[in-house]
Amino acid sequence: MRARRPPIGSRPAASNGPAGAMAAEAAAAPPRRVQVCVRLRPGPPGEDPCLLPLDSHTLQLREDPPHAPSCYRFDAVYDAASSTAAVYEGSVRLLLAQFLAGRDVTVLAYGPSGSGKTHTMLGGEGEPGLVQRALEELLQAVGASRRLSVACMEVYCEEVRDLLAPGGPPLRILQPRGGPPEVRGLTRLPLSPPPAPSLLVASLGARRCAAPTLLNPSSSRGHLVLWVRCEPPPGTPSPMPGGPTLTLADLAGLEDPRQSGAGGARLREGGATNASLGVLRRVLGALRRGGRPPLRESRLTRLLGGVPNPSGPPPLLLLLLTLCPHPSGLPQARRALSFARGARRVPPPQQAAVGGQGEGATVASDAPESRSPPSTPPPEDQALQRWLEDAENTLQRLKKRRPPPSPPPPPPSRPGAPSPASLVVLRRRQKGCPQWEAVAAPQLEAGVRAHVLQALNGGDPAQLRGLGPRRGGRVRAWRQEHGPFRTANVTAALGTAPLGPAPQ
């Protein structure tokens, strides 16, 4: 049975011990705009791990010689023995108070395929995940004073699917002016007390798209995004329309098809996942350099980003990086650590001094966040940018060298067939009339008559187009009585003219 804790968002008393002191410190000091914590999953026994936590904030990456070990510093580092409850208490729970205070909060689980993202967010047998823990504690904190609503969707190959009402068509994302993103037709349900959170998490895990690969027997093939909206109490103004939003996202893992063995549909899913995660990397890079983030390049970033409210505090982001210390995952771990280190360099929100709270006291300002001067991107981003520029220049040179497309050749004609121009002649409608008309050439008319005569004498007349079996019988009766046709006297044979002897 879990120990009873003080409700989130409440001021702890001085007698609450170290936990109360930590909560009071978190409430007094403004949180970082982007926080990064790392969780390691247990590796195979008997092998030297490539990732080694030195303390609760430092992680060492061990590479093969001649590379020296690299150290990365984050807000929190959880080793393989840490539980999901420890991750929740140390990194997630303090952000829920900011959410209840009216601030948008996003928690992202990011990492390579098979590193434990889904286990951390949705949990496993006997261990609830971060989503269930957050929903249960929010229900306990708000009580009956506020209303919580939940919506869940999956971004699969750049299509938004509703997981609370599966089987429908892909949904469309709308962006109201000055507000958070909205999804047309998305199902939003009120959040009920337990056991509703555990049942919700179980249904989400069963409805999302998953498939086995060589890296993970149950690999998620799409991004899971859960929205929790908290409506303010009646009569209380809120800086955000519809209340603040808590976003809990379990992102699909970075996947190398050479290691995962993906092919066909799995390869297409992995490519779409890597592309959307690449856009997320560029968004955080633009925020780090003070530029405009390219949110519209992917549906994932549109759901996660939105438009910050200029009159309110900027949103908070917790990047939960999950890694596997197995040596075979060293390249993926290096790229993920580089991404997390760049995300942590996003500048903090604007601070302003406040009088009456002691010298040097700071709180988050309500003014719009000012852009920081552009900083030098890390070396890996510079190398990637140079590679993209070289590829674009090469593509432009190849386009200039390519000769203009030639007109398509005329369709082949049969040997001896006349050209279309020789089958039509022009003649005056009447003698002395300036108007002309196009008529069949004499050779065309003669050829048609010869073809009809051959069909009347040699073939079955019922096969002629438009003749029919009744008129075909008249043609056969004519031949029995008068002999074969010598000219195409079809009108006489069909009974539309008086019958007479066959013309000589």
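This is a predicted model: local features need pLDDT of at least 70, side-chain atom pairs count only at pLDDT 80 or more; totals for chains, interfaces and linings use all residues.
Residues are numbered from 1 along each chain as its sequence is written, and side-chain values use heavy atoms, with hydrogens and water left out.

Let's begin with the cores, meaning sets of buried Ala, Val, Leu, Ile, Met, Phe, Trp, Tyr and Cys residues joined through side-chain atoms within 4.5 Å; buried is under 20% relative accessible area with a 1.4 Å probe, protein chains only. The largest has 44 residues, and Leu51, Tyr110, Val183, Leu323 and Leu337 have the most contacts inside it. Helix α9, residues 330-344, gives the most to this core, with seven residues; helices here are DSSP runs of H or I, at least four residues, and strands are runs of E, at least two, numbered from the N terminus. Apart from that core lies another, of 40 residues, including Tyr78 and Leu200.

Now, is His223 buried or exposed? At 2% relative accessibility, His223 counts as buried. You'll find His223 in strand β16, residues 223-231. A polar atom of its side chain lies 3.0 Å from the backbone nitrogen of Ala252.

Last, the helix pair. Helix α7, residues 265-289, packs against α9 at an angle of about 35 degrees, their axes 9 Å apart; axes are lines fitted to C-alpha atoms over the stretch in contact, with angles from 0 to 180 degrees between N-to-C directions. Among the residues of α7 that meet α9 are Leu280 and Leu284, contact being heavy atoms within 4.5 Å.

How values were computed. Buried means under 20% relative accessible area, exposed over 50%, partly exposed in between (1.4 Å probe, protein chains only). A polar contact is a pair of N or O atoms within 3.5 Å; within protein, one must be able to donate a hydrogen and the other to accept it, and residues adjacent in sequence count only if both atoms are side-chain atoms.
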